[in-house]
Amino acid sequence: MAELNQFWGTGRRKTSVARVRIIPGGTGVEINGKTMADYFGGREIFSTIVEQPLVLTETKDKFKVIVNVDGGGQTGQAGAIRHGISRALLVADEGYKAALREAGFLTRDSRMVERKKYGKKKARRSPQFSKR
């Protein structure tokens, strides 16, 4: 059964994509069907990153957050979830825009891994040089 009063937001970071749904009246964060503590394996820094927009707007106890995230590693996924929650909060209430923009949560972090070039070992690392 679909909830009538829910707000969606999509967040991206590196190669991670998070589809976030916030539902008024509930509490807690569910990521890919698991609790946040189970999903991130108890790493508190990722939980802190995910909850930043909710703490900033003082809506941690007002919304239940359901996330479907894919791609990348844990750091990129946490950043994508934060971006998605911020966008969903913006859809829920435009009044949060100034605070979220000031904190930088609405800005897409465009940094990506640089591609490997031919003749190099990595993106910039050259083969070892020897005169003889």
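Me: How do α2 and α3 sit in this model, roughly parallel or roughly antiparallel to each other?
Reply: In this predicted model, α2 and α3 are roughly parallel to each other, because their axes cross at roughly 10 degrees and angles under 35 degrees are counted that way.

Me: And how close do the axes come?
Reply: The axes of α2 and α3 come within 8 Å.

Me: Which residues make that contact?
Reply: From α2 the contact is made by F46, I49, V50, Q52, P53 and L54, while α3 contributes Q74, T75, A78, G79, I81, R82, I85, S86 and L89.

Me: OK, on to the core: how many residues are in the largest nonpolar one?
Reply: That core has 28 residues, and those with the most contacts inside it are I31, F40 and I81. The elements that give two or more residues to this core are the strands β2 (16-24), β3 (29-31) and β5 (63-70), together with the helices α1 (36-39), α2 (44-56) and α3 (74-92).

Me: Which element gives the largest share?
Reply: The largest share comes from α3, which supplies seven residues.

Me: What does N32 contact?
Reply: Apart from neighbours within four places in sequence, N32 is in contact with Y39, V67, N68 and V69. As for V69, the side chain of N32 reaches the backbone nitrogen of that residue at 2.9 Å.

Me: Last topic: which residues have a positive phi without being glycine?
Reply: K14 is one of them, with a phi of about 55 degrees, and E58 is another, with a phi near 55 degrees.

Me: Where are they, and how exposed is each of K14 and E58?
Reply: K14 has its place in the loop between β1 (7-13) and β2, and at 42% relative accessibility K14 is partly exposed. E58 lies in the loop between α2 and β5, and E58 is exposed because its relative accessible area is 64%, the cut-off for that class being over 50%.

Key:
Residues numbered from 1 in each chain as written. Predicted model: local features only at pLDDT ≥ 70, side-chain atom pairs only at ≥ 80, totals over all residues. Heavy atoms only, no water. Core = buried A, V, L, I, M, F, W, Y, C linked by side-chain atoms within 4.5 Å. Buried < 20%, exposed > 50% of the residue type's maximum accessible area, 1.4 Å probe, protein only. Helix = DSSP H or I, 4+ residues; strand = E, 2+ residues; numbered from the N terminus. Contact = heavy atoms within 4.5 Å. Polar contact = N/O pair within 3.5 Å; in protein donor to acceptor, adjacent residues only side chain to side chain. Axes fitted to C-alpha atoms, helices over the stretch in contact; angles between N-to-C directions. Parallel < 35°, antiparallel > 145°, perpendicular 65-115°, else oblique.
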